[in-house]
Amino acid sequence: MATVEVRDLRKRYQDFLALDGVSLKAETGQLVTLLGPSGCGKSTTLRCLAGFLEANGGEITVDGESILGTPANRRGFGVVFQNYALFPHMTVAENIGYGLKIQKLPKSEIETRVYDAMKLVRLDGLGDRLPRAISGGQQQRVALARALVLKPKLLLLDEPLANLDARLRDEVRWLIRDLQQQSGITAFYVTHDQSEAMAMSDMVAVMKAGRVAQFATPREIYQKPTERYVADFTGEANFIPCQSVTPQGEGRYAITAAGATLELEGVPGITGPAELLLRPEALSLTAPEAGTFKGTVTKSAFLGAALHCEITLPDGSMLKLAAEPNHKVRTGEVVGIAIDNSHAWLMPEVAP
Ligand SMILES: Nc1ncnc2c1ncn2[C@@H]1O[C@H](COP(=O)(O)OP(=O)(O)OP(=O)(O)O)[C@@H](O)[C@H]1O
């Protein structure tokens with residue numbers, strides 16, 4: 001098992017800088033997700049890790065040793081990409097055992113390991129089928145078994161669920177996480193799906209234009225983002241500009257925003273303009289005089305599990321919240337909004 005560190009990684013395609021100093025680390029047994037919009041450099045980072053691309057600068061170490069000079073086929077990593085690229089003329093079992101055959105292992109050992117791997121990914125009984133005779137989810141599980149059967153030091157997964165429908169995505173997602181945790185294998189996982197990243201990862205690197213905007217646990221990324229980009233990418237978010245910010249030490253601040261005064265935590269060391277992040281779950285409807293904020297309902301929709309409301313504050317800011325479904329509000333009604341301070345967070349207006 002392996003600790004993997006990426007330091008200041010740079011990659012240029014002709015004159016385009018795709019990676020501009022990417023740094024992150026996976027401790028042994030962790031699953032680290034690279035999350036971000038299309039084109040931010042997730043796959044490029046993973047391909048440098050795999051050895052399919054040569055970096056132009058920086059360092060990648062496994063257990064402290066540089067691997068940049070080691071060709072892909074000597075790195076001992078398992079790779080699962082979205083186009084699973086199974087060999088179409090080989091059976092499921094032959095596909096899974098291919099890497100072991102290349103390593104010239106004895107036939108009996110190959111058979112045992114392939115059998116175990118098929119059981120692990122719940123493909124028992126399908127060993128004799130050709131890839132075209134199994135479903136997309138099963139094909140992706142073959143790809144996973146093919147990587148795991150080699151007992152890799154590191155597992156690299158690039159949008160492995162992208163071609164699956166929603167139900168299968170859920171199923172294979174939990175299977176991957178279960179297998180990764182059971183085997184204690186270190187893994188990097190690329191996705192642009194925020195909920196996938198939150199559900200599966202020990203650590204998340206939110207990427208932005210070839211850099212890592214924030215590298216932290218899913219909880220921290222969601223509740224304590226360092227900038228608006230990260231907050232926006234990791235879930236529903238309301239932002240309210242602050243009129244005044246008074247630091248109170250240890251990452252706490254007293255602020256005024258949209259006519260209210262609040263004390264809350266935030267990104268340490270804010271000195272300039274700041275904005276308040278309020279996730280929908282930080283907000284609840286109350287009587288106008290009882291709320292931290294007072295605002296006017298501009299939209300409401302009953303969604304079954306919640307009443308979705310949009311409320312405009314006196315400074316023009318808009319709050320989206322999920323109210324208790326039995327609440328009834330009218331458009332134009334003045335309401336109070338109570339805030340759970342533990343879900344409120346202060347961020348600098350300009351990224352640090
Ligand atoms: N072979 C290439 N030649 C030139 N530019 C490339 C090449 N491969 C990728 N790029 C560019 O580098 C940037 C990063 O690409 P990359 O594939 O790493 O992004 P990504 O975050 O994985 O995106 P996606 O989610 O769409 O796969 C993009 O702007 C992309 O257009």
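**View 1. Strand β20 and its two antiparallel partners.** Strand β16 (residues 283–286) is joined to β20 by four bridges, and the two run antiparallel. Strands here are DSSP runs of E with at least two residues, helices are runs of H or I with at least four residues, and both are numbered from the N terminus. Two strands are said to pair if DSSP finds at least two bridges between them. Opposite L283 stands I339 of β20. Strand β17 (residues 293–302) is also antiparallel to β20, again with four bridges, and T296 stands opposite V334 of β20. The model is predicted: local features need pLDDT of at least 70 and side-chain atom pairs count only at pLDDT 80 or more, whereas totals for chains, interfaces and linings use all residues. Residue numbers start from 1 along each chain, as its sequence is written.

**View 2**

**View 3. An open sheet of four strands.** The strands follow the order β2-β1-β4-β5, and their pairing is antiparallel. Because β2 and β5 (65–66) stand at the edges with a single partner strand each, one side of each is left without a neighbour in the sheet. Strand β4 (residues 57–62) pairs with β5 over two bridges in the antiparallel sense. The bridge partner of V62 in β5 is E65. Strands of a sheet pair through backbone hydrogen bonds, in either a parallel or an antiparallel sense.

**View 4. The shell around the ligand.** Among the residues that surround the ligand are Y13, F16, K42 and H192. A residue is counted here if its C-beta atom, placed from the backbone, lies within 6 Å of the molecule. β2 (16–26) and α1 (42–50) each supply at least two residues of this shell. Which element gives the most to the shell? It is α1, with three residues. By class, the shell has four nonpolar, seven polar and one charged residues. Ala, Val, Leu, Ile, Met, Phe, Trp, Tyr, Cys and Pro count as nonpolar, Asp, Glu, Lys and Arg as charged, and the others, Gly among them, as polar.

**View 5. Two loop residues with positive phi.** Most residues other than glycine have a negative phi. R122, which is not a glycine, has a positive phi near 55° and lies in the loop between α3 (107–120) and α4 (136–148). R122 is partly exposed, because 13 other C-beta atoms lie within 10 Å. E159 has a positive phi of about 45° although it is not a glycine, and its place is the loop between β7 (154–158) and α5 (166–183). E159 is likewise partly exposed, with 19 other C-beta atoms within 10 Å.

**View 6. The contact between the two domains.** The protein chain is divided into domain 1 (4–228) and domain 2 (237–348), with bounds that come from an automatic or database domain assignment. The contact takes six residues from domain 1 and five residues from domain 2, where two residues are in contact if their C-beta atoms, placed from the backbone, lie within 7 Å. The side of domain 1 that touches domain 2 has one nonpolar, two polar and three charged residues.

Terms used. Buried ≥ 20, exposed ≤ 12 C-beta atoms within 10 Å, placed from the backbone.
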